[in-house]
Amino acid sequence: MDMMPQWLETLLAAHQNALWFITVLLDLGMTLVLFRVFGKTGLYAVVVLNIMLCNIVGPKITTIFGLNTSMGAIIYSGIYFATDLLGERYGKREANRAVFVGFAVSVLVVVFGMISLAFLPSQDQQKREFAVSIHGALSLLFNFTPRFIFGSLLAYLISQTHDVWLFHLLKRKTRGRHLWLRNNVSTIASQAIDTAVYGLVVWGAIFDLRTAVELALAKYVFKVVIALLDTPFIYWARTWDVRERDWNEGPGIAES
């Protein structure tokens, strides 16, 4: 069964560049909505959700504006937006906490995914075909090579830690001014680290060197564009009077 109507699938297939732009805006918009409703908890959720999605759809290669890139390049950039917004509103400690929560959850998802493969599919006559097909799909997903999983998590941990460090270094050096500078410089520099590590460890093991470099450079171009696009969003969100909610008491209450 298709996940979307045939007419919509055909429309999106014919407008891939527009779909990229819509996806970026959806990712940034989702971050703003979760932040508005749940405060910093919502930003933690964005980091966890995006890193999990990147581990699932990251290997998918598509063509946008004539460049071959992976789906991970589209979704992954939202993590930087969330951690930068966390750092701007709540400080370096909260931003780093989100980074390590995202890393821990990613490791657990991979571990339990691999454990699920150790369970044999049902051999019941009525359920066997469905059970075997699902087992095969999960095997393809979680056995996409340990190198991909290791490279993805390594690139995430190094680049995100660097992003938080550089963001707050620039904030201190500029005495809290020029948000656009620290937002863009920290993200663009950290994305370069992420792209280099991921390209070397993952793409370098799957493709020849030239193809790996082309994929890495294209991925970096899209990451830089998204970093520039999210600047108005972080300026907008930092002015919100967001209150941390106590869900037992109902209304939002100011964070102490």
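This is a predicted model: local features need pLDDT of at least 70, side-chain atom pairs count only at pLDDT 80 or more; totals for chains, interfaces and linings use all residues.

Reader: Okay. How much space lies in the largest pocket?

Author: The general idea goes like this: rolling a probe the size of a water molecule over the atoms shows where empty space is left. Here, the largest pocket holds about 720 Å³ of space. Its lining is made of 21 residues, and Leu19, Thr23, Lys60, Met71 and Ile75 are the ones nearest the centre.

Reader: Which element gives the most to the lining of the largest pocket?

Author: That's H2, with eight residues. Helix H2 (16-38), helix H3 (40-57), strand E1 (61-64) and helix H4 (71-75) each bring at least two residues to this lining. Sort the lining by class and you get 15 nonpolar, four polar and two charged residues.

Reader: And the second largest pocket, what lines it?

Author: About 160 Å³ of space lies in that one. The elements giving two or more residues to its lining are helix H9 (179-206) and helix H10 (209-229). Among the lining residues are Ala192, Thr195, Leu200, Leu209, Val213 and Tyr220. By class, this lining has nine nonpolar, three polar and no charged residues.

Reader: Now the helices. At what angle do the axes of H2 and H3 cross?

Author: In general, two packed helices are described by the angle between their axes and the distance between the axes. For H2 and H3, the axes cross at roughly 145° and come within 6 Å. The crossing is right-handed. From the H2 side, Asp27, Met30, Thr31, Leu34, Phe35 and Phe38 make the contact, and from H3 it is Lys40, Thr41, Gly42, Leu43, Val46, Leu49 and Asn50. Taken by class, the contact has seven nonpolar, four polar and two charged residues.

Reader: Last one: is Thr69 buried or exposed?

Author: Here you compare a relative accessible area with a cut-off: buried means under 20%. Thr69 has a relative accessible area of 1%, so Thr69 is buried. You'll find Thr69 in strand E2 (residues 67-70).

Reader: What is Thr69 in contact with, leaving aside its neighbours within four places in sequence?

Author: Thr69 touches Lys60, Ile61, Thr62 and Ile64, and also Leu215, Ala218, Lys219 and Phe222. Go back to Lys60 for a moment: Lys60 is also one of the residues nearest the centre of the largest pocket.

How values were computed. Residues are numbered from 1 along each chain as its sequence is written. Side-chain values use heavy atoms; hydrogens and water are left out. On a 1 Å grid over the protein atoms alone, a cavity is a set of points where a 1.4 Å probe fits but cannot get out, and a pocket is an open set with protein on both sides within 12 Å along at least five of seven lines; lining residues have an atom within 4 Å of a point. Grid points are joined across faces, edges and corners, and a volume is the space filled by probe spheres set on the points. Helices (H or I, at least four residues) and strands (E, at least two) are DSSP runs, numbered from the N terminus. Ala, Val, Leu, Ile, Met, Phe, Trp, Tyr, Cys and Pro count as nonpolar, Asp, Glu, Lys and Arg as charged, and the others, Gly among them, as polar. Buried means under 20% relative accessible area, exposed over 50%, partly exposed in between (1.4 Å probe, protein chains only). Contact means heavy atoms within 4.5 Å. Axes are lines fitted to C-alpha atoms, for helices over the stretch in contact, and angles run from 0 to 180 degrees between N-to-C directions. A crossing is left-handed if the near helix is turned anticlockwise from the far one by less than a right angle, and right-handed if clockwise.
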